[in-house]
Amino acid sequence: MPYYYYYFDPTYVLVLLGAVLCLLASARVKTTFNKYSQHRSMSGMTGAEAAQRLLHAAGIFDVTIHHVSGSMTDHYNPAKRTLALSDTVYGSTSVAAIGVAAHECGHAIQHNNGYAPLSFRTVLVPIANIGSTLAWPMILVGLLFTRNTGTVFINLGILLFSVAVLFQLVTLPVEFNASSRALKMLETQGILSESELPYTKKVLKAAAMTYLASAAAGILQLLRLILLFGGRGRRND
(Lines give C-alpha, C1' and ligand atoms only; values in the text may rest on other atoms or scores of the structure.)
Protein backbone atom coordinates (compact mmCIF):
# COMPACT_ATOMS: atom_id res chain seq x y z
CA MET A 1 0.00 0.00 0.00
CA PRO A 2 1.49 3.43 -0.98
CA TYR A 3 3.02 5.56 1.76
CA TYR A 4 0.48 8.36 1.32
CA TYR A 5 -2.27 6.13 2.68
CA TYR A 6 -0.63 6.71 6.07
CA TYR A 7 1.06 10.07 5.65
CA PHE A 8 0.69 12.77 3.01
CA ASP A 9 -2.00 12.14 0.41
CA PRO A 10 -1.30 14.38 -2.62
CA THR A 11 -4.68 13.55 -4.16
CA TYR A 12 -6.39 15.38 -1.30
CA VAL A 13 -5.64 18.55 -3.25
CA LEU A 14 -8.52 17.53 -5.53
CA VAL A 15 -10.91 17.47 -2.57
CA LEU A 16 -9.71 20.88 -1.40
CA LEU A 17 -10.11 22.30 -4.89
CA GLY A 18 -13.68 21.01 -5.05
CA ALA A 19 -14.46 22.46 -1.62
CA VAL A 20 -13.08 25.86 -2.63
CA LEU A 21 -15.21 25.88 -5.80
CA CYS A 22 -18.35 25.09 -3.79
CA LEU A 23 -17.59 27.76 -1.18
CA LEU A 24 -16.96 30.41 -3.83
CA ALA A 25 -20.18 29.51 -5.68
CA SER A 26 -22.19 29.54 -2.46
CA ALA A 27 -20.79 32.92 -1.45
CA ARG A 28 -21.52 34.34 -4.88
CA VAL A 29 -25.16 33.23 -4.96
CA LYS A 30 -25.78 34.60 -1.47
CA THR A 31 -24.17 37.94 -2.31
CA THR A 32 -26.02 38.24 -5.61
CA PHE A 33 -29.37 37.25 -4.13
CA ASN A 34 -28.99 39.67 -1.22
CA LYS A 35 -28.03 42.48 -3.60
CA TYR A 36 -31.04 42.10 -5.85
CA SER A 37 -33.37 41.39 -2.95
CA GLN A 38 -33.13 45.13 -2.39
CA HIS A 39 -34.69 45.86 -5.80
CA ARG A 40 -38.48 45.85 -5.55
CA SER A 41 -40.18 44.75 -8.76
CA MET A 42 -42.27 47.31 -10.60
CA SER A 43 -45.19 44.89 -10.73
CA GLY A 44 -45.26 44.68 -6.93
CA MET A 45 -46.00 40.96 -7.10
CA THR A 46 -44.68 38.63 -4.43
CA GLY A 47 -42.80 35.45 -5.25
CA ALA A 48 -45.89 33.39 -4.42
CA GLU A 49 -48.15 35.54 -6.58
CA ALA A 50 -45.74 35.40 -9.50
CA ALA A 51 -45.48 31.62 -9.19
CA GLN A 52 -49.26 31.23 -9.17
CA ARG A 53 -49.62 33.38 -12.26
CA LEU A 54 -46.90 31.54 -14.16
CA LEU A 55 -48.31 28.12 -13.33
CA HIS A 56 -51.80 29.10 -14.42
CA ALA A 57 -50.42 30.67 -17.61
CA ALA A 58 -48.80 27.30 -18.36
CA GLY A 59 -52.11 25.51 -17.78
CA ILE A 60 -51.02 23.97 -14.48
CA PHE A 61 -53.67 24.12 -11.75
CA ASP A 62 -52.84 21.06 -9.62
CA VAL A 63 -49.55 22.29 -8.11
CA THR A 64 -49.84 23.64 -4.57
CA ILE A 65 -47.66 26.58 -3.56
CA HIS A 66 -46.71 26.76 0.09
CA HIS A 67 -44.30 28.55 2.37
CA VAL A 68 -41.24 26.77 3.79
CA SER A 69 -38.91 28.17 6.44
CA GLY A 70 -35.29 29.02 5.80
CA SER A 71 -33.34 30.82 3.09
CA MET A 72 -32.64 29.35 -0.37
CA THR A 73 -34.72 26.29 0.56
CA ASP A 74 -37.03 26.70 -2.43
CA HIS A 75 -37.83 23.53 -4.36
CA TYR A 76 -40.39 21.73 -6.48
CA ASN A 77 -41.51 18.25 -5.43
CA PRO A 78 -42.71 16.29 -8.50
CA ALA A 79 -44.05 13.41 -6.40
CA LYS A 80 -46.31 15.62 -4.27
CA ARG A 81 -46.89 18.28 -6.94
CA THR A 82 -45.92 21.02 -4.50
CA LEU A 83 -43.84 24.13 -4.95
CA ALA A 84 -42.14 25.33 -1.76
CA LEU A 85 -40.98 28.93 -1.47
CA SER A 86 -38.68 30.09 1.31
CA ASP A 87 -38.93 33.01 3.74
CA THR A 88 -36.94 35.27 1.42
CA VAL A 89 -39.05 34.42 -1.64
CA TYR A 90 -42.66 33.63 -0.73
CA GLY A 91 -43.77 37.07 0.41
CA SER A 92 -41.00 39.18 -1.11
CA THR A 93 -41.62 41.56 -4.01
CA SER A 94 -37.97 41.75 -5.07
CA VAL A 95 -36.72 40.85 -8.55
CA ALA A 96 -34.52 38.21 -6.92
CA ALA A 97 -37.45 36.51 -5.18
CA ILE A 98 -39.59 36.54 -8.31
CA GLY A 99 -36.72 35.04 -10.29
CA VAL A 100 -36.28 32.17 -7.84
CA ALA A 101 -40.04 31.52 -7.75
CA ALA A 102 -40.13 31.49 -11.56
CA HIS A 103 -37.21 29.05 -11.62
CA GLU A 104 -39.14 26.59 -9.46
CA CYS A 105 -42.13 27.04 -11.76
CA GLY A 106 -39.78 26.06 -14.56
CA HIS A 107 -39.32 22.69 -12.85
CA ALA A 108 -43.08 22.25 -12.49
CA ILE A 109 -43.51 22.95 -16.20
CA GLN A 110 -40.69 20.53 -17.03
CA HIS A 111 -42.53 17.87 -15.04
CA ASN A 112 -45.85 18.68 -16.65
CA ASN A 113 -44.32 18.48 -20.14
CA GLY A 114 -42.39 15.26 -19.48
CA TYR A 115 -38.96 16.89 -19.84
CA ALA A 116 -36.62 13.90 -20.30
CA PRO A 117 -33.62 15.05 -18.19
CA LEU A 118 -35.93 15.77 -15.24
CA SER A 119 -37.55 12.34 -15.57
CA PHE A 120 -34.12 10.70 -15.69
CA ARG A 121 -32.96 12.67 -12.64
CA THR A 122 -36.07 11.61 -10.72
CA VAL A 123 -35.30 7.96 -11.46
CA LEU A 124 -31.70 8.47 -10.32
CA VAL A 125 -32.60 10.06 -6.96
CA PRO A 126 -32.92 6.86 -4.85
CA ILE A 127 -29.96 5.22 -6.60
CA ALA A 128 -27.79 8.30 -6.13
CA ASN A 129 -28.75 8.49 -2.44
CA ILE A 130 -27.71 4.88 -1.94
CA GLY A 131 -24.51 5.47 -3.90
CA SER A 132 -23.43 8.51 -1.89
CA THR A 133 -24.21 6.70 1.38
CA LEU A 134 -22.56 3.35 0.68
CA ALA A 135 -19.63 4.33 -1.56
CA TRP A 136 -17.06 5.02 1.13
CA PRO A 137 -18.14 2.15 3.45
CA MET A 138 -17.67 -0.23 0.51
CA ILE A 139 -14.22 1.16 -0.20
CA LEU A 140 -13.18 0.98 3.45
CA VAL A 141 -14.40 -2.63 3.69
CA GLY A 142 -12.40 -3.40 0.56
CA LEU A 143 -9.22 -2.12 2.21
CA LEU A 144 -9.59 -4.81 4.88
CA PHE A 145 -9.17 -7.51 2.26
CA THR A 146 -6.42 -8.31 -0.19
CA ARG A 147 -6.33 -9.16 -3.88
CA ASN A 148 -9.60 -10.08 -5.60
CA THR A 149 -12.05 -9.77 -2.71
CA GLY A 150 -10.89 -6.32 -1.69
CA THR A 151 -10.81 -5.13 -5.29
CA VAL A 152 -14.44 -6.15 -5.79
CA PHE A 153 -15.60 -4.06 -2.83
CA ILE A 154 -13.48 -1.07 -3.84
CA ASN A 155 -14.67 -1.14 -7.43
CA LEU A 156 -18.26 -1.43 -6.25
CA GLY A 157 -17.72 1.60 -4.01
CA ILE A 158 -16.29 3.62 -6.90
CA LEU A 159 -19.20 2.55 -9.10
CA LEU A 160 -21.71 3.68 -6.46
CA PHE A 161 -19.97 7.03 -6.15
CA SER A 162 -20.02 7.35 -9.95
CA VAL A 163 -23.82 7.12 -9.88
CA ALA A 164 -23.93 10.01 -7.40
CA VAL A 165 -21.71 12.05 -9.73
CA LEU A 166 -23.92 11.13 -12.69
CA PHE A 167 -26.89 12.52 -10.78
CA GLN A 168 -25.05 15.82 -10.33
CA LEU A 169 -24.25 15.96 -14.05
CA VAL A 170 -27.85 15.24 -15.06
CA THR A 171 -28.94 18.01 -12.70
CA LEU A 172 -27.07 20.62 -14.75
CA PRO A 173 -29.29 20.67 -17.88
CA VAL A 174 -32.37 20.45 -15.64
CA GLU A 175 -31.37 23.56 -13.69
CA PHE A 176 -30.15 25.54 -16.71
CA ASN A 177 -33.34 24.76 -18.61
CA ALA A 178 -35.53 25.78 -15.66
CA SER A 179 -33.76 29.14 -15.46
CA SER A 180 -34.12 29.67 -19.21
CA ARG A 181 -37.84 28.92 -18.98
CA ALA A 182 -38.17 31.26 -16.01
CA LEU A 183 -36.67 34.25 -17.81
CA LYS A 184 -38.83 33.70 -20.89
CA MET A 185 -42.01 33.36 -18.83
CA LEU A 186 -41.29 36.45 -16.77
CA GLU A 187 -40.84 38.44 -19.94
CA THR A 188 -43.86 37.10 -21.85
CA GLN A 189 -46.16 37.46 -18.84
CA GLY A 190 -44.95 40.99 -18.20
CA ILE A 191 -44.12 40.26 -14.57
CA LEU A 192 -40.71 41.89 -14.87
CA SER A 193 -39.80 44.81 -17.08
CA GLU A 194 -37.02 44.77 -19.65
CA SER A 195 -34.78 46.68 -17.24
CA GLU A 196 -35.42 44.20 -14.40
CA LEU A 197 -34.75 40.99 -16.31
CA PRO A 198 -30.93 41.41 -16.33
CA TYR A 199 -30.97 41.56 -12.51
CA THR A 200 -32.97 38.36 -12.28
CA LYS A 201 -30.72 36.72 -14.86
CA LYS A 202 -27.70 37.45 -12.65
CA VAL A 203 -29.42 35.82 -9.67
CA LEU A 204 -30.32 32.69 -11.62
CA LYS A 205 -26.87 32.48 -13.20
CA ALA A 206 -25.23 32.67 -9.77
CA ALA A 207 -27.55 29.93 -8.51
CA ALA A 208 -26.67 27.75 -11.51
CA MET A 209 -22.98 28.09 -10.66
CA THR A 210 -23.58 26.28 -7.36
CA TYR A 211 -24.77 23.22 -9.27
CA LEU A 212 -21.82 23.48 -11.63
CA ALA A 213 -19.39 23.72 -8.71
CA SER A 214 -21.02 20.75 -6.99
CA ALA A 215 -20.69 18.65 -10.15
CA ALA A 216 -17.05 19.68 -10.54
CA ALA A 217 -16.35 18.76 -6.91
CA GLY A 218 -17.96 15.36 -7.46
CA ILE A 219 -15.86 14.71 -10.55
CA LEU A 220 -12.67 15.69 -8.71
CA GLN A 221 -13.55 13.37 -5.83
CA LEU A 222 -14.24 10.53 -8.27
CA LEU A 223 -10.90 11.17 -9.96
CA ARG A 224 -9.24 10.98 -6.56
CA LEU A 225 -10.84 7.62 -5.83
CA ILE A 226 -9.68 6.26 -9.17
CA LEU A 227 -6.13 7.53 -8.61
CA LEU A 228 -6.01 6.08 -5.09
CA PHE A 229 -7.63 2.73 -5.65
CA GLY A 230 -7.97 2.15 -9.40
CA GLY A 231 -4.75 0.16 -9.69
CA ARG A 232 -4.93 -1.62 -6.33
CA GLY A 233 -5.79 -4.98 -7.84
CA ARG A 234 -2.81 -4.86 -10.18
CA ARG A 235 -0.45 -3.81 -7.38
CA ASN A 236 -1.52 -6.75 -5.25
CA ASP A 237 -1.02 -9.32 -8.02
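Buried means under 20% relative accessible area, exposed means over 50%, and partly exposed lies in between, with a 1.4 Å probe and protein chains only. The model is predicted, so that local features need pLDDT of at least 70 and side-chain atom pairs count only at pLDDT 80 or more, while totals for chains, interfaces and linings use all residues. Residues are numbered from 1 along each chain as its sequence is written, and side-chain values use heavy atoms, with hydrogens and water left out.

**Exercise 1. Find the salt bridges of the structure and describe the setting of each partner.**

Step 1. A salt bridge requires a side-chain nitrogen of Lys or Arg within 4 Å of a carboxyl oxygen of Asp or Glu, and a search of the whole structure with this criterion finds two.

Step 2. One of them joins Glu175 to Arg121, whose closest N and O atoms are 3.2 Å apart. Glu175 belongs to helix α6 and Arg121 to helix α5, so the pair ties together parts that are 54 residues apart in sequence; helices (H or I, at least four residues) and strands (E, at least two) are DSSP runs, numbered from the N terminus.

Step 3. Glu175 has a relative accessibility of 4% and therefore counts as buried, and Arg121, at 15%, counts as buried as well.

Step 4. The side chains of Asp62 and Arg81 also meet in a salt bridge, at 2.7 Å from N to O. Asp62 is partly exposed at 48% relative accessibility, whereas Arg81 is buried, with a relative accessible area of 16%.

**Exercise 2. Examine the backbone of Arg81 and of Met72.**

Step 1. Most residues other than glycine have a negative phi.

Step 2. Arg81, although not a glycine, has a positive phi of about 55°, and Arg81 is found in the loop that runs between β2 and β3 (82-85).

Step 3. Met72 is likewise a residue other than glycine with a positive phi, near 60°, and its place is the loop between β1 (64-67) and β2 (75-77). With a relative accessible area of 36%, Met72 is partly exposed.

**Exercise 3. Count the aromatic pairs and classify the pair of Tyr36 and Tyr199 and that of Trp136 and Phe229.**

Step 1. Rings of Phe, Tyr and Trp (its six-membered ring) pair if their centres lie within 6.5 Å, and planes under 30 degrees apart count as stacked, those over 60 as edge-to-face and the rest as tilted; by this rule the count comes to three aromatic pairs.

Step 2. The rings of Tyr36 and Tyr199 have centres 5.1 Å apart and planes at 20°, so this pair is stacked. Tyr36 in helix α1 (residues 12-36) and Tyr199 in helix α7 (residues 197-229) are 163 residues apart, and the pair thus links distant parts of the chain. Tyr36 is buried at a relative accessible area of 4%, while Tyr199, at 30% relative accessibility, counts as partly exposed.

Step 3. For Trp136 and Phe229 the ring centres are 6.5 Å apart and the planes stand at 80°, so this pair is edge-to-face. Trp136 lies in helix α5 (residues 116-142) and Phe229 in helix α7, so the pair ties together parts that are 93 residues apart in sequence. Trp136 counts as partly exposed at 29% relative accessibility, whereas Phe229 is buried, with a relative accessible area of 6%.

**Exercise 4. Describe the largest nonpolar core.**

Step 1. A nonpolar core is a set of buried Ala, Val, Leu, Ile, Met, Phe, Trp, Tyr and Cys residues joined through side-chain atoms within 4.5 Å.

Step 2. The largest such core has 33 residues, of which Leu55, Leu83, Leu85 and Leu186 touch the most other members.

Step 3. At least two residues of this core are supplied by each of α1, α2 (47-57), β3, α4 (95-113), α6 and α7, and the largest share, 10 residues, comes from α4.
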